[in-house]
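The following paragraphs lead the reader through one protein, from its overall form to individual side chains. Please keep the sequence and the structure in view while reading.

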Amino acid sequence: MEKVTAGRDQLGAFAPKFAQLNDDVLFGEVWAREKQLCARDRSIVTVVSLMASGVLDSSLQFHIQNAKNHGVTAEEMAEILTHAAFYAGWPKAWAAFRMAKEVYEQK
């Protein structure tokens, strides 16, 4: 996985410790634990977790794109979001579907 610097890029000067934890621990260590759970599966879990929590902003869009980059097909994403809709909420699924459609329509 490519080194993530979003924390430092966006919050480094304002919240350096948070930025370091985001980039080095979450994306550097946790996401790197491929033996325990592959990046594709982590992407699916993350998308569903964000949707279920109501985090329907650029974070969700980033992770839908990340799932696509890790091999989750449009058909699989549609099935994942449909399944999650019954547990996380229909309006949240609508928002996630709008983002997923946009991500998967990009070349």
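A residue is called buried when its relative accessible area is under 20%, exposed when that area is over 50%, and partly exposed in between. By this rule D23, at 1% relative accessibility, counts as buried. The model discussed here is a predicted one, and the same terms are used for the other residues described below.

The overall form comes first. The protein has six helices and zero strands, so that from the N terminus on its elements run α-α-α-α-α-α. For 107 residues, a compact globule would have a radius of gyration near 13 Å, and the value of 14 Å for the protein agrees with this. Along the principal axes, the C-alpha atoms fill a box of roughly 40 × 30 × 30 Å. Of the contacts with a separation of 6 or more, 56% are between residues 24 or more positions apart.

The interior may be considered next. Buried residues make up 33% of the 107 residues. The largest nonpolar core has 20 residues, and I64 and M77 have the most contacts inside it. The elements that give two or more residues to this core are helix 3 (39-53), helix 4 (58-69), helix 5 and helix 6. If residues up to four places away in sequence are not counted, M77 touches V47, I64, A67, V72, A100 and Y104.

Leaving aside residues up to four places away in sequence, N22 touches G7 and F27.

Side chains of opposite charge can pair when their charged atoms come close. The count of salt bridges in the protein comes to five. One of them joins D24 and K3, at 3.2 Å from N to O. D24 lies in helix 2 and K3 in the segment before helix 1 (6-11), so the pair ties together parts that are 21 residues apart in sequence. D24 is partly exposed, with a relative accessible area of 22%, whereas K3 is exposed, at 58%.

The buried D23 forms a salt bridge with R8, and their closest N and O atoms are 3.3 Å apart. Since D23 lies in helix 2 and R8 in helix 1, this pair ties together parts that are 15 residues apart in sequence. R8 is partly exposed, with a relative accessible area of 37%.

A further salt bridge is formed by the side chains of R40 and E76, at 2.5 Å from N to O. R40 lies in helix 3 and E76 in helix 5, so parts that are 36 residues apart in sequence are tied together. R40 is partly exposed, at 25%, and E76 is partly exposed as well, at 32%. Through shared partners, salt bridges join K3, R8, D23 and D24 into one network.

The protein exposes about 6900 Å², of which carbon and sulfur atoms supply 60%. F86, Y87, W90 and W94 make a nonpolar surface patch of about 620 Å². Helix 5 (74-88) and helix 6 (90-105) are the elements that give two or more residues to the patch. F86 lies in helix 5 and is exposed, with a relative accessible area of 63%.

Conventions
Residues numbered from 1 in each chain as written. Predicted model: local features only at pLDDT ≥ 70, side-chain atom pairs only at ≥ 80, totals over all residues. Heavy atoms only, no water. Patch = residues over 30% accessible without salt bridge, like charges linked within 9 Å, V, L, I, M, F, W, Y side chains within 5 Å. Areas by Shrake-Rupley, 256 points an atom, 1.4 Å probe, with all protein chains shown as cover. Salt bridge = Lys/Arg side-chain N within 4 Å of Asp/Glu carboxyl O. Helix = DSSP H or I, 4+ residues; strand = E, 2+ residues; numbered from the N terminus. Buried < 20%, exposed > 50% of the residue type's maximum accessible area, 1.4 Å probe, protein only. Rg over C-alpha atoms; globule rule 2.2 N^0.38 Å. Contact = heavy atoms within 4.5 Å. Core = buried A, V, L, I, M, F, W, Y, C linked by side-chain atoms within 4.5 Å.
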